[in-house]
Amino acid sequence: MGVFDAPELDAHEHVSFFCDGPSGLRAIIAIHRTGPLGTAGGGCRIWPYGDARTALRDALRLSRAMTYKLALVELPAGGAKAVVLADPRRDKSEALLLAIGRAVDRLGGRFIVAADVGTDAADLETIGRATMWVSRDAGGANDAAEATAYGVFVGLRTAVRRRLGRADLDGVKVAVQGLGRVGASLCRRLEAAGARLWVTDLDAERCARIAAGGRATVVAPGAICGLDVDVFAPCALADALDATTIPLLRCRVVAGSANNQLADPALADELERRDILWAPDIVINAGGALGAASSVSLDAADGTRLRARLDMLGPLLDGIFERAARERISTLAAAERTARERFAAMGGHP
Ligand code: NAI
């Protein structure tokens, strides 16, 4: 299949393929829109993709989602994504990171790169030796992940209030898939709020760390979707919700951090049919964009304004739920309509 036939291509402005022999870099950078100021923001993902087609699909979908996400929180940039075909545990070297930096640099500031799955603040420091177009999070504290988790917590609480009529999370049963930076932080916040947790990860050590907190039950990765819980929180990778997993769900709410949770956008209607309230990923995980754009750390004394912006994700999400009900559309369609309107209002070309 040719690149121009890719179903995920949404009139993307720019797609680059980078190879660097000495470091072994194979990367794709997709810029969906450059936005009103001529720049696009997005993370750099390092993942052992099976093939270039899968990597391209991820880059196209994630960059489009990024445009919508930034517009929803009214940050004046378009969306982009870098994906690197490599195993972060095995292949991530200084040479590879510097080659990523050079690739970003060649785009001349149209793409400002942040951390994502497979990259962290230390990696951004290395990438930043080869380009100035790097978004460094506050003090290297992985602030974007903390901000994302806080935003997901706010959004999850909002969805629970709407669908279950519960004012707080005390005793609410939540199944968390993926205990990385965001998932682990979300678990801590949910535990503090009195929620009961069932958790899973491919990495047994991460499961053990969360279970040590005393309130979480560890289950096998394949069992997490079918649990009798109130909320399913997908915080691992894309496509958690597909034709196989959705029929297993017994929850009333799906609210988690993962990007591109739906394997197919039409599945948003299927969730609706099953009376499951889905918090669209482009809304509920937009805290990461706010964290990456912020120069303060969420938990620092000066983090109050960032926290206030993240708290606004609650009313934003509630407005999306309202719109979906009013216009009789899925929560995904409501979120995308709102994002396109906001992007156009900022002077971008949807
Ligand atoms: P991470 O790489 O720190 O953690 C992901 C975790 O998911 C890993 O522990 C991995 O072992 C686990 N995992 C992967 N496949 C799994 C499966 N099938 N079953 C169970 N566990 C599985 O990533 P991070 O930063 O926590 O991000 C999580 C999700 O949130 C990703 O989809 C990411 O794109 C999204 N996100 C992250 C943001 C951030 O600021 N870090 C911002 C917005 C979205």
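The exercises below, each with a worked solution, concern a predicted model.

**Exercise 1. Find the place of Trp47, and decide whether Trp47 is buried, partly exposed or exposed.**

Step 1. Trp47 belongs to strand β3, which covers residues 40–47.

Step 2. The relative accessibility of Trp47 is 33%. Buried means under 20% and exposed means over 50%, so Trp47 counts as partly exposed.

Step 3. Beyond the neighbours within four places in sequence, Trp47 is in contact with Val84, Leu85, Ala86, Pro88, Val117 and Leu237.

Step 4. As a distance check, take Thr126, which is 79 residues from Trp47 along the chain. The C-alpha atoms of Trp47 and Thr126 are 18 Å apart.

**Exercise 2. Describe the salt bridge between Glu8 and Arg57, and name the network that Glu8 and Arg57 belong to.**

Step 1. Side chains of opposite charge can pair when their charged atoms come close. In the whole structure, 28 salt bridges are found.

Step 2. In the bridge between Glu8 and Arg57, the closest N and O atoms are 3.2 Å apart. This pair links distant parts of the chain, since Glu8 sits in the segment before β1 (14–20) and Arg57 in helix α1 (residues 52–72), 49 residues apart.

Step 3. Glu8 has a relative accessible area of 15% and is buried. Arg57, at 23%, counts as partly exposed.

Step 4. Salt bridges with shared partners join Glu8, Arg53, Arg57, Arg61 and Asp239 into one network.

**Exercise 3. For the salt bridges Asp10 with Arg33 and Asp318 with Arg162, state which parts of the chain are linked.**

Step 1. The closest N and O atoms of Asp10 and Arg33 are 3.8 Å apart. Asp10 lies in the segment before β1 and Arg33 in the loop between β2 (25–31) and β3, so the bridge ties together parts 23 residues apart in sequence.

Step 2. Asp10 is partly exposed, with a relative accessible area of 25%, whereas Arg33 is buried at 6%.

Step 3. For Asp318 and Arg162, the closest N and O atoms are 3.0 Å apart. Here the linked parts are helix α12 (residues 313–327), which holds Asp318, and helix α5 (residues 143–164), which holds Arg162; the two residues are 156 residues apart.

Step 4. Asp318 is partly exposed, with a relative accessible area of 27%. Arg162 is also partly exposed, at 34%.

**Exercise 4. Which element gives the most residues to the lining of the second largest pocket?**

Step 1. The second largest pocket holds about 350 Å³ of space and is lined by 18 residues. Nearest its centre are Arg61, Arg64, Asn260, Pro265 and Glu336.

Step 2. The elements giving two or more residues to this lining are α1, α9 (281–284) and α13 (331–345).

Step 3. The most comes from α1, with five residues.

Note on methods: Residues numbered from 1 in each chain as written. Predicted model: local features only at pLDDT ≥ 70, side-chain atom pairs only at ≥ 80, totals over all residues. Heavy atoms only, no water. Helix = DSSP H or I, 4+ residues; strand = E, 2+ residues; numbered from the N terminus. Buried < 20%, exposed > 50% of the residue type's maximum accessible area, 1.4 Å probe, protein only. Contact = heavy atoms within 4.5 Å. Salt bridge = Lys/Arg side-chain N within 4 Å of Asp/Glu carboxyl O. 1 Å grid on protein atoms, 1.4 Å probe; cavity = no way out; pocket = protein on both sides within 12 Å on 5 of 7 lines; lining within 4 Å. Points joined across faces, edges and corners; volume = space filled by probe spheres on them.
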